[in-house]
Amino acid sequence: MKPARYYLITAGLLIVVAGLSISCATQRQHHNSSVVDYLYPGKSDPIETAAVPVLSLPMRVGVAFVPGGEQTRSGYRPPALQSMNPDLPEKEKMALMKEISENFKKYPFVKSIEVIPSAYLRPGGSFTNLDQLRTMFGIDVIALLSYDQIQFTDEGFLSISYWTLAGAYVVRGEKDDTNTMLDAAVFHIQSRKMLFRAPGISQVKGSATPVNLSEQLRTDSTASFHDAAKDLVVNLQEQLELFQEKVKSSPEEFKVVHKPGSTGGGGMDAFWLILVSGMGAYRLWLRKNHN
Amino acid sequence: MATQKSQLRDSPIPVWTLMMVAAGVLAYVIPGSAPLIVYDRAAILSGEVWRLFTGNWVHFSLSHLVYDSATLGIVGWMIERRGYPYYKRLYILAPILIGVGLFAAQPDLQFYGGLSGMACGAVVYLTLHGLREDGPWRWICLTVLLLTSGKIVLESLTNGFAVVQVDNIPFAPVPLSHVLGALTALLIFCWPYVRALKRLGRKAAMFEFFARNY
């Protein structure tokens with residue numbers, strides 16, 4: 001075999017191997033939590049009879065992430081890159097809940113919003129756990145947040161430069177794609193009734209070198225959660241408007257009562273009116289007699 | 001005892017009082033106007049500060065409007081007819097002080113409405129000036145002033161007599177608005193003394209104040 005042909009075949013094989021390595025290197029990470037798993041654990045047919053909710057305005061609202069954090073991974077990764085990003089950290093959950101709750105403090109029917117840490121929610125705690133939260137935090141309504149995040153990582157054409165070893169440190173050949181859905185389901189705890197729900201979705205695309213891929217995925221994951229939270233706030237406000245209309249149009253489905261003291265007025269009564277009428281009558285009588 | 005009657009101007013039409021009452025009636029009859037001007041703590045916190053002032057003209061029911069407007073109308077008519085000075089200041093200052101006072105002192109109060117704070121202030125203002133006149137009117141004013149003060153104290157101690165249902169809304173009387181209205185009236189009544197105090201010093205100011213009033 002001539003050397004030229006030998007080099008050509010070797011180069012061809014290398015390209016094929018590189019191409020195969022690129023096409024086979026898709027990784028998928030999936031984190032999620034579910035409101036259904038939390039409220040109806042182990043029930044294939046989750047039926048809970050909801051009563052007519054009595055909404056006592058202004059309400060105390062709780063916000064909490066349902067426990068879960070189920071993680072799955074698929075696709076081949078080199079052993080050095082196989083560490084899985086952890087579930088959404090508590091600090092991030094608290095920041096997201098504060099971000100969402102800030103937008104709802106302005107409503108007159110919301111008296112206060114309690115951000116409830118995950119430690120207070122048991123996996124599969126169901127309504128028994130919600131009743132405990134109701135007592136502990138004095139809340140009437142709770143917004144249960146769940147999420148579903150999938151991160152795909154692919155190697156782009158630039159990943160061929162990894163063969164040079166230095167390329168793995170400087171060339172951003174790893175393309176990642178983070179899709180997140182945050183969901184808020186608002187429940188009236190006492191009646192077990194879901195009042196309304198709203199989703200927030202986000203897609204974040206990024207790239208990284210293999211060396212900082214894990215860090216980049218964490219950054220994109222956080223950014224995607226925050227984007228989804230912003231979208232969730234907009235959708236929640238829309239759903240809230242619709243819910244208000246629904247409450248007005250369907251009084252048989254929702255009963256609204258106002259807590260005493262929230263609405264007040266300076267009211268004169270018969271006592272004052274009689275008093276000043278007497279004074280006025282006297283002045284009129286005096287004027288008539290003078291004339 | 002020098003009568004003040006000769007110094008008083010007789011105003012045939014109580015323009016300011018009519019304006020105050022008319023604003024309350026308009027806020028009640030024009031659909032959609034009350035939500036824009038009612039004292040709403042959350043809206044005030046988000047920047048709609050005019051509600052501190054305008055909330056006084058919103059009423060939650062017809063009887064609420066009738067009682068407040070009638071009381072203010074009668075008392076305001078007498079104040080303007082008698083030509084008592086500075087009553088315009090009462091009409092401007094009272095709603096501001098009531099709104100700001102409620103905002104500062106009653107954070108639990110989400111919504112407030114009613115002209116009664118102003119009406120109460122007007123009653124106190126009328127009776128304080130009435131004390132300067134002679135004859136039965138002076139005694140009538142003294143009696144009304146004592147009854148009014150007693151009622152305000154009683155309301156404050158019991159925090160309103162009851163929660164009244166108005167259009168399915170538990171409507172809590174707010175005695176603080178009456179206190180603030182009365183205090184505004186007292187402040188405006190004593191205003192000439194405060195000015196003299198600055199100008200002449202304490203003893204001379206007191207002398208001038210009592211010499212002018214009694």
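**Entry 1: contacts and chains**

Two residues are in contact if their C-beta atoms, placed from the backbone, lie within 7 Å. I start with that rule and apply it to chain B. Of the contacts in chain B with a separation of 6 or more, 73% are between residues 24 or more positions apart.

I note what I am looking at. This is a predicted model, in which local features need pLDDT of at least 70 and side-chain atom pairs count only at pLDDT 80 or more, while totals for chains, interfaces and linings use all residues. Residues are numbered from 1 along each chain as its sequence is written, and chains are lettered from A and ligands numbered from 1 in the order in which they are written.

Next I list helices and strands, which are DSSP runs numbered from the N terminus (helices are H or I with at least four residues, strands are E with at least two). Chain A has 7 helices and 10 strands. Chain B has 11 helices and 4 strands.

Then I check burial. A residue is buried if 20 or more other C-beta atoms lie within 10 Å of its own, exposed if 12 or fewer, and partly exposed in between. In chain A, 29% of the 291 residues count as buried. In chain B, 42% of the 214 residues do.

**Entry 2**

Two packed helices are described by the angle between their axes and the distance between the axes. Here the axes are lines fitted to C-alpha atoms, for helices over the stretch in contact, and angles run from 0 to 180 degrees between N-to-C directions.

I look up helix H6 (residues 87–105) and helix H7 (residues 116–130), both of chain B; their axes come within 9 Å and cross at roughly 140°. That makes H6(B) oblique to H7(B). The cut-offs are under 35 degrees for roughly parallel, over 145 for roughly antiparallel, 65 to 115 for roughly perpendicular, and oblique for the rest.

The crossing of H6(B) and H7(B) is right-handed. A crossing is right-handed if the near helix is turned clockwise from the far one by less than a right angle, and left-handed if anticlockwise.

Which residues make the contact? H6(B) brings B:Tyr87, B:Leu90, B:Tyr91, B:Ala94, B:Pro95 and B:Ile98, and H7(B) brings B:Gly117, B:Met118, B:Gly121, B:Ala122 and B:Tyr125. Ala, Val, Leu, Ile, Met, Phe, Trp, Tyr, Cys and Pro count as nonpolar, Asp, Glu, Lys and Arg as charged, and the others, Gly among them, as polar.

**Entry 3: H6 and H9 of chain B**

H6(B) also packs with helix H9 (residues 175–189) of chain B, at an angle of about 140° and with the axes 9 Å apart. That makes H6(B) oblique to H9(B). Their crossing is right-handed. Among the residues that meet are B:Leu93 and B:Leu97 in H6(B) and B:Leu180 and B:Thr184 in H9(B). This contact of H6(B) with H9(B) has 11 nonpolar, 4 polar and 1 charged residues.

**Entry 4: across the chains**

I now look at helix H7 (residues 270–290) of chain A and helix H5 (residues 62–82) of chain B, whose axes come within 9 Å and cross at roughly 30°. That makes H7(A) roughly parallel to H5(B). Their crossing is left-handed.

**Entry 5: a core and B:Ala122**

A nonpolar core is a set of buried Ala, Val, Leu, Ile, Met, Phe, Trp, Tyr and Cys residues joined through C-beta atoms within 7 Å. The largest one has 54 residues, and B:Val75, B:Ala119, B:Ala122, B:Val123 and B:Tyr125 touch the most other members.

Is B:Ala122 buried or exposed? B:Ala122 counts as buried because it has 31 C-beta neighbours inside 10 Å. B:Ala122 lies in helix H7 of chain B. Leaving aside neighbours within four places in sequence, B:Ala122 is in contact with B:Leu72, B:Val75, B:Gly76, B:Ile79 and B:Leu90.

**Entry 6: two positive phi values**

A:Arg192 has phi near 65°, a positive value in a residue other than glycine. B:Tyr86 is not a glycine, yet its phi is positive, about 65°. B:Tyr86 lies in the loop between H5 and H6 of chain B.
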